[in-house]
Amino acid sequence: MVPTSFYILISAVLFTIGALGVLVRRNAIVVFMCIELMLNASNLAFVAAARQYQQMSGQVFVFFVMVIAAAEVAVGLAIIITVFRNRETLDVDSVNELKN
Amino acid sequence: MPFDLPLALIILFPLLGFAVCGLIGSDMKKPWPGIIASGTVLASFLVALIRVIGLAIMPQNARVISETVYTWISVGALRSDVSFLFDPLSAVMILIITGVGFLIHLYSIGYMAEDHNDPNGRLYARYFCWLNLFIAFMSLLVLADNFLLMFVGWEGVGLCSYFLIGYWFKREDARGACKKAFIVNRIGDFGFLLAMMLIFVVVGSLNYSDVFDAVRNTPQLFSVGILGTIGAATLIPLLLFVGATGKSAQIPLFVWLPDAMAGPTPVSALIHAATMVTAGVYMVARSSSLFLNAPNIQILICVVGTLTALFAALSALAQTDIKKVLAYSTVSQLGFMFMAVGVGAYAFAIFHVLAHAFFKACLFLGSGSVIHSLHGEQDMDKMGGLAKKMKITNITFLAGGLALAGFFPFAGFFSKDEILDAVIHAGSGAPILIACGVVGFIAALVTGIYTGRQYAQVFLGNARDEELYEHAHESGPTMTIPLIILGIGSLVVGFLGMPYLTFIPAWGHVFTNWLAPVFVAGASAEAPSIILLVIGLLIGWGGWYGGVVLGKNAVGVLMPESLRVVSLDKIYTATIVRAGYAIADACRWIDDTFVDGIVNLVGGFVGESAVALRATQTSYVRNYALAMAVGAVIVLAWFVIK
């Protein structure tokens, strides 16, 4: 059996890559993909823990996370489309009117 | 049965008038606020009259009625209720206040109706609102049965005086005068307050009955030394007299009274002739037993009264404004009242209060009638010959003037003569009082002179200003009826105090007998010596005729310009007022620098920190995302370390 820590490690690495992507990338859709990456990293961690402790709750919770991800994507993409329609660019740095 | 009408009604009626005139008076048409106000005072007078009759039918020694309305203050040892003491002294005062007050209210209805300072007519109700409140407070003052309640009335009349003197507040002189009156009064009130505190410390109560019983039964309480060796027995009367000095315009606190003539003339008649200024005399008379153990203070009172009487009488001689003459005359007559009080002749002092109320109010209202008919002219140099045009005013002014001058057989002669007689008789114990008596006779002479002069200058001779004379006319009935009543009163009221009609037994000493149970034995009401009687007679007649001669020739006894440099007003301005302004400037500096500094500092701090914090609002989404990530890491780290 593969030690659970490997799975957790991969989950951590994926999460970190996703987090850094959110902070560094300028394209809004790429930022969204990184957010999905973070969510899936946490899914992996849940499943690994479920396997370790032989509980179904971890796997059930993954469903919840997926539902939330779906809802969030729906709303987020709607926002991105509206922003694109107004400014013809997807650069997150371009939405900077709320300055002090 | 009607003799149980509650005394509180006397105060409640004018309070009601104050509320009505104050709240809805300005919505009423012109004479109605005046009619309502006069009605309430008339109601008070009727209640007072009924109660006085009820008092008179009681046996002479038992004429003390006490009525409690409710418990006001009951804290520790201090117990001060709203309760009234009704005895012959308060009976006399309350009849004067409500009676003369009613006549003046009646007069004011007509006088204030055409007010060129008030084109909209909206100030009319305000006048009556304050006038009624004044009657309420003054009644409270004389009916109270403890010092604290009397002080409420004392302050209240000072307040109403402030509002009424400053009634035409758009005028510069009225503004200054009302402040001056209130502030100078306050100085006296400070003395009164100190006296009350001392009384409380020594006796433990502020009720008249407790205090006067303590003086009678346990006088050793008062030997407590307060300032070194000066005992409470001396200090309390002295401080009470300081209070009286402020309210009753004696040296050195009389300076507010001449300036107070900036108010409407009926106000001067009521407040500064008949009632408020006599509050000091009443207070000292009421506290007569306290003064018994302080003969030095009594002598001081007599001396101050004498000096005031003479000084003010001389000042009156030099005035050209018709009201200022009467103002200084009031100060002078108050000096006479204090001379009487100083030698223990309290009944004579109150008798002079009564006579003075009648003739001074009559004179003031008469001068108001003259001013009214000359459309606001107050300078006597422009008057003259009005006797032909204003017959009723002429006769009533003559009556009041003769009474003031001490012209036998009118009121002022009896009261002044009895006072001076008492002073000279008391001089057997203290020689300085004989000097006071002599000076008093001189002051009486000057009184006759300035009064005769005023009458002659205004009414006799030829008109000095033809245009004004053309328009002069007699005033309407609301003004002349009170004048007639007061004029008759001035002539007649003197007979109440006559001591010599012993061949008509019922009339001898009516007034002094009425008041006798109230006062601790002071100067006895013995028959005055014939010599002094004759001197008084000659002074009264001579002074008047001498004055008339001066007046007909419009000779004013004016001080040379060089002497005008020194005046009490100027001394006060140079010292106390200047010091006051300096303190005010220093306070303003402290306020600007420190208080404003701290407030500005706080505000500045908020502003600066806002500027600093604004730097976090970069509007870049990625900065915010970074902040969130860093925050999440910190929270996580904290949980891990825990």
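**Definitions set against values in a two-chain model**

Strand β2 (residues 78-86) of chain B is largely enclosed by the rest of the structure, because eight of its nine residues are buried. This is a predicted model, in which local features need pLDDT of at least 70 and side-chain atom pairs count only at pLDDT 80 or more, while totals for chains, interfaces and linings use all residues. Residues are numbered from 1 along each chain as its sequence is written, chains are lettered from A and ligands numbered from 1 in the order in which they are written, and side-chain values use heavy atoms, with hydrogens and water left out.

Me: What makes A:Q54 exposed or buried?
Reply: Buried means under 20% relative accessible area, exposed over 50%, and partly exposed in between (1.4 Å probe, protein chains only). A:Q54 has a relative accessible area of 68% and is therefore exposed. A:Q54 lies in the loop between α2 (28-53) and α3 (57-87) of chain A, where helices (H or I, at least four residues) and strands (E, at least two) are DSSP runs numbered from the N terminus.

Me: Why is A:E88 called exposed?
Reply: The relative accessibility of A:E88 is 67%, so A:E88 counts as exposed. A:E88 is found in the segment after α3 of chain A, and its phi, near 60°, is a positive value in a residue other than glycine. Most residues other than glycine have a negative phi.

Me: How do you know that β1(B) and β2(B) pair?
Reply: Two strands pair if DSSP finds at least two bridges between them. Strand β1 (residues 65-75) of chain B and β2(B) are joined over nine bridges in the antiparallel sense, with B:I73 standing opposite B:S80. The two strands form a hairpin with two residues between them, and B:G76 in the turn has a positive phi of about 60°.

Me: What makes the link of B:R622 with A:D93 a salt bridge?
Reply: A salt bridge is a side-chain nitrogen of Lys or Arg within 4 Å of a carboxyl oxygen of Asp or Glu. The closest N and O atoms of B:R622 and A:D93 are 2.7 Å apart, and the pair forms a salt bridge. The count between chain A and chain B is one salt bridge.

Me: How many residues of each chain are in contact?
Reply: Contact means heavy atoms within 4.5 Å, and eleven residues of chain A are in contact with ten residues of chain B.
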